[in-house]
Amino acid sequence: MIDLHGYGPRLLEGAGVTLQLAVLSLILALILGLLTASAKMSRNWLLHKVATLYTTVIRGVPDLVLMLLLFFGGQMALNVATDAIYDRFGVDWYINLNAFAAGVLTIGFIFGAYMGETFRGAFMAVEHGQIEAGKAYGMSPWLVFRRIRFPQMMRHALPGISNNWMVLLKTTALVSVIGLSDMVRVAAEASRATHEPFTFLIPVAVVYLLIASVSEWMFARLQKRYNVGFGGH
Amino acid sequence: MTELTWLNELLAGNRIFTPQTIGYYWDGLVLTTQLVFLSLVAGLVLAIPLAIGRSSGRRWISLPIYVYTYVFRGTPLLIQLYIIYYGVVFFDGIQQTFLWPILREAFYPALIAFTLNTAAYTTEIFRGAIKATPRGEIEAARAYGMSQGLMMRRIVLPSAFRRALPAYGNEVIFMLHASAIASVVTLMDITGAARFVYARFYAPFEAFLFAAAIYLCLTFAILYFFRYLEKKLLAHLKPQSGN
């Protein structure tokens, strides 16, 4: 076995942080993505513009810059707010922006833009006749969405979601820069302290590969499920 | 500084954006451009033979290349950078060679990491494009008695490059964004400059929004450049305008 110089438990904890961060960000990104896609397809001019601005700006700026902006900027905005509360009400209240929450919010916010594009393309790939048929059956718009548009859309969206998830997973490594103890940060710290970078960094790389391989397998199964009736590919 | 009086006037009274901090951002822009451009060129040079090998029918050639692209595409660039940055010291005797003064600085480890990373992605992009070569074109080349090498050079690669262009444009933008990681190993690229300005003035919005604006401009420049290239190189695929 490799000698981890006592960093083993912390590395394991870091792996847990990475996984939680990735899954929570994915959920947030999926919700934001669905909202963005709906806004982009809506006839409301303002909603359309706001959603377009969001997807364009987010996809044009590096993740790390957005993360630093939201983390440090968010802390400052909170400080201004708590100072104002102190001045006005005399309540001494200090909120320290939690690095984990900041990480989830930032990564979810970034990948919401990518998911939005994925969902938009997928919704547009659903034949219009299907929606008309649903309406002809007297289904409400929500029921049409739930029973007809969403399941068929997912078939087209899954490859894109899978791709975005793989990128998202790797993006979580960046939270180590804003001070969150994910497995990358623990491994980097341990490398510096022990002067044995390979002992720590290579196992962490292998864990990323493992997570990626397992999720690839899971997405293949999901794809099969949503492809039912379409001659499996 | 006489020729820059307009800049001084523009910045007069601005606490953060002094000519000095603008200078940091400018140096950052130069460093980011160097890193991205050099790694893209080197990555492209590596990716072409790798993509040809990856599409080869012989498994002992294609399998190792697949492992390389799988590992480099499946792990975060930050880890790759750390491994190279912290690990370079451990190559036996490297500190005695002429390479050491070069490798000791963060620039070259970053360049190596970025190059290997983009080469892996580009290899897969090109492999897809090579695989998509219409069967008939290959048969026609064979019927002409072309050798494997000649067919690659004259038939497969030129059309594969064209097909790969949109995906490669995305990869260039991805690389530009990924290069922000260089700031983690103390390099003063655009993000590095922003972090410095933030730390000095404690002004996160100004510091990072300015950097974001620079990246946004670069992204659009790359986007339009590739759109122009596509228009030029894929013109023959467009439907003929009827007149």
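## An exposed histidine in a loop

His195(A) is exposed, with 11 other C-beta atoms within 10 Å. That count puts His195(A) in the exposed class because the cut-off is 12 or fewer. The residue sits in the loop between helix 7 and helix 8 of chain A. Its backbone is worth a look: phi is positive, about 60°, although His195(A) is not a glycine. The model is predicted.

Tyr202(B) has a positive phi of about 50° and is not a glycine either. Tyr202(B) is found in the loop between helix 9 and helix 10 of chain B. With 11 C-beta neighbours inside 10 Å, Tyr202(B) counts as exposed.

## Chain A overall

Chain A has eight helices and zero strands. From the N terminus on, the elements run α-α-α-α-α-α-α-α. The C-alpha trace spans about 65 × 60 × 30 Å along its principal axes. Of the 233 residues in chain A, 36% are buried. Take the contacts in chain A between residues at least 6 apart in sequence: 74% of them join residues at least 24 apart.

UniProt, in an unreviewed entry, places the feature "domain: ABC transmembrane type-1" at residues 15–219 of chain A. In the model, residues 15–219 of chain A are 83% helix and 0% strand. The end C-alpha atoms of that stretch are 21 Å apart.

## Helix 2 of chain A

Helix 2 of chain A has 16 residues. From first C-alpha to last it reaches 23 Å, close to the 22 Å expected at 1.5 Å a residue. Ala51(A), Thr55(A) and Gly60(A) are buried in this helix. They cover an arc of only 150° around the axis, so they lie on the same side of helix 2 of chain A. On the other side, Trp45(A), Leu46(A), Lys49(A) and Leu53(A) are exposed.

What covers the buried residues? The cover includes helix 1 (8–41) and helix 4 (99–124) of chain A, together with helix 10 (204–233) of chain B.

Lys49(A) belongs to helix 2 of chain A. The residue is exposed, with 12 other C-beta atoms within 10 Å. The C-alpha atoms of Lys49(A) and Ala39(A) are separated by 8.7 Å, and the two residues are 10 apart along the chain.

## Where the chains meet

In all, 27 residues of chain A are in contact with 28 residues of chain B. On chain A, helix 2 (45–60), helix 3 (63–89), helix 7 (183–194) and helix 8 (197–226) each supply at least two residues of the side that touches chain B. By class, that side has 22 nonpolar, three polar and two charged residues.

Helix 10 of chain B has 30 residues. From first C-alpha to last it reaches 43 Å, close to the 44 Å expected at 1.5 Å a residue. Its buried residues are Pro204(B), Ala207(B), Phe208(B), Ala211(B), Ala212(B), Ile214(B), Tyr215(B) and Thr219(B). What covers them includes helix 2 and helix 3 of chain A. Chain B also contributes to this cover, with helix 2 (19–54), helix 8 (148–178) and helix 9 (190–201).

## Chain B overall

Chain B has 10 helices and zero strands. Along the sequence, the pattern is α-α-α-α-α-α-α-α-α-α. The radius of gyration of chain B is 22 Å, well over the 18 Å that the globule rule gives for 243 residues, so chain B is more spread out than a compact globule. Its C-alpha trace spans about 75 × 65 × 30 Å along the principal axes.

Of the 243 residues of chain B, 35% count as buried. Among contacts in chain B with a separation of 6 or more, 75% come from residues 24 or more positions apart.

## Annotated transmembrane regions in chain B

An unreviewed UniProt entry gives the annotation "transmembrane region" to residues 35–53, 65–86, 106–126, 172–195 and 207–226 of chain B. Residues 106–126 of chain B are 95% helix and 0% strand in the model. Their end C-alpha atoms lie 30 Å apart.

Residues 172–195 of chain B are 54% helix and 0% strand. The end C-alpha atoms of this span lie 24 Å apart.

How values were computed. Residues are numbered from 1 along each chain as its sequence is written. Chains are lettered from A and ligands numbered from 1 in the order in which they are written. This is a predicted model: local features need pLDDT of at least 70, side-chain atom pairs count only at pLDDT 80 or more; totals for chains, interfaces and linings use all residues. Two residues are in contact if their C-beta atoms, placed from the backbone, lie within 7 Å. Helices (H or I, at least four residues) and strands (E, at least two) are DSSP runs, numbered from the N terminus. Ala, Val, Leu, Ile, Met, Phe, Trp, Tyr, Cys and Pro count as nonpolar, Asp, Glu, Lys and Arg as charged, and the others, Gly among them, as polar. UniProt positions are given in the numbering used here, feature names are shortened, and annotations may be inferred rather than shown by experiment. The expected span of a helix is 1.5 Å times one less than its number of residues. A residue is buried if 20 or more other C-beta atoms lie within 10 Å of its own, exposed if 12 or fewer, and partly exposed in between; C-beta atoms are placed from the backbone. The arc is that of the directions from the helix axis to the C-beta atoms. The radius of gyration is taken over C-alpha atoms; the globule rule is 2.2 Å times the number of residues to the power 0.38.
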